[in-house]
Amino acid sequence: MTSGAHGTDGVERRGLMFVLSSPSGAGKTTLSRLLMDRMSGLRMSVSATTRAKRPGEVDGKDYLFVDKPRFEAMVKGDELLEWATVFDNSYGTPRGPVEAALSAGQDVLFDIDWQGTQQLREKARADVVSVFILPPSAADLEKRLHSRAQDSDEVIRKRMSRASHEMSHWAEYDYIVINHDVDEAFAEVQSILKAERLKRERRTGLVGFVRGLQGQLQA
Ligand SMILES: Nc1nc2c(ncn2[C@@H]2O[C@H](COP(=O)(O)OP(=O)(O)O)[C@@H](O)[C@H]2O)c(=O)[nH]1
Ligand SMILES: Nc1ncnc2c1ncn2[C@@H]1O[C@H](COP(=O)(O)OP(=O)(O)O)[C@@H](O)[C@H]1O
């Protein structure tokens with residue numbers, strides 16, 4: 001599915017699909033923004049959704065906000081790489097930008113739920129690296145949902161009551177990060193991405209690189 005990224009050492013490798021999931025409010029949006037600010041070679045996948053825009057969210061940047069008929073047309077037209085219903089709304093990953101980024105040698109960051117992660121894994125297991133973010137406690141999770149101040153009390157109640165179900169999927173993920181402190185959680189997520197970029201299996205340019213080294217040694 002992918003080709004052509006270059007690591008900082010110049011060795012070509014396949015792009016990867018880096019997935020962050022968590023119960024709502026555990027911190028995946030915060031960690032995604034930090035990754036986008038501080039890591040090069042990474043593109044954010046902007047999902048389409050039928051949910052209402054929150055204050056401060058920007059159409060085309062945080063989400064593509066679409067109505068139900070448009071979302072259904074995207075599903076029918078096979079425009080989505082994966083999609084799911086979460087909290088009574090539809091969410092899905094537009095296929096085009098992801099394929100374009102991967103073939104341009106970029107890694108792609110996804111903020112999607114467990115249903116979307118399962119679908120990506122079925123399509124491209126070797127290229128998917130998944131991280132599940134847990135809150136340190138239920139009280140912290142609730143505090144964070146309130147401190148974000150973007151959802152009504154009723155929506156927050158719904159999200160809290162879904163959290164346990166969301167969390168039951170933790171064991172399907174490659175890595176688990178507990179978000180006590182943002183800086184520490186970010187450092188952990190960043191380390192995962194850095195290490196995964198170095199994995200031998202995705203470094204398609206290694207054979208040529210090592211042959212070159214051997215040639216230099218024989219010269
Ligand atoms: N499967 C899937 N899930 C998505 C997508 N975009 C967002 N989500 C998930 O939908 C859930 C709700 O997202 P949102 O309404 O932004 O609330 P948040 O949990 O506070 O970020 C979260 O678990 C997101 O990870 C997508 O394209 N596909
Ligand atoms: N480690 C942390 N400590 C305290 N507050 C945090 C931490 N991580 C995130 N937050 C805050 O919690 C709220 C929810 O975080 P957010 O990243 O929007 O979660 P998600 O995208 O998983 O729903 C935001 O107001 C964010 O600033």
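Start by selecting ligand 1: 18 residues lie around it, and Ser-24, Ser-47, Ala-84, Tyr-91 and Gly-116 come nearest (a residue is near a molecule if its C-beta atom, placed from the backbone, lies within 6 Å of it). Next, colour strand 7 (80–86), strand 8 (89–94) and helix 4 (114–124), the elements that give two or more residues to this shell. Helices here are DSSP runs of H or I with at least four residues, strands are runs of E with at least two, and both are numbered from the N terminus. Strand 7 gives the most to the shell, with four residues. By class, the shell around ligand 1 holds five nonpolar, nine polar and four charged residues (Ala, Val, Leu, Ile, Met, Phe, Trp, Tyr, Cys and Pro count as nonpolar, Asp, Glu, Lys and Arg as charged, and the others, Gly among them, as polar).

A word on what you are viewing: this is a predicted model, in which local features need pLDDT of at least 70 and side-chain atom pairs count only at pLDDT 80 or more, while totals for chains, interfaces and linings use all residues. Residues are numbered from 1 along each chain as its sequence is written, and chains are lettered from A and ligands numbered from 1 in the order in which they are written.

Now move to ligand 2. Its surroundings comprise 15 residues, the closest being Gly-27, Thr-29, Thr-30, Arg-144 and Arg-148. Helix 1 (28–38), helix 5 and helix 7 (182–197) are the elements that give two or more residues to this shell. The shell around ligand 2 divides into three nonpolar, eight polar and four charged residues.

Keep helix 1 and helix 7 selected. They pack at an angle of about 60 degrees, with their axes 10 Å apart (axes are lines fitted to C-alpha atoms, for helices over the stretch in contact, and angles run from 0 to 180 degrees between N-to-C directions). Show side chains for Thr-30, Leu-31, Leu-34 and Leu-35 of helix 1 and Val-182, Ala-185, Phe-186, Val-189 and Gln-190 of helix 7, which make the contact (C-beta atoms, placed from the backbone, within 7 Å). This contact has seven nonpolar, two polar and no charged residues.

Next, select helix 5 (residues 138–148) with helix 6 (residues 153–167): their axes come within 11 Å and cross at roughly 150 degrees. Leu-141, Glu-142, Leu-145 and His-146 of helix 5 meet Ile-156, Arg-159, Met-160 and Ala-163 of helix 6.

Finally, select residues 15–194: over this range the chain is 44% helix and 23% strand, with the end C-alpha atoms 12 Å apart.

Methods: Contact = placed C-beta atoms within 7 Å.
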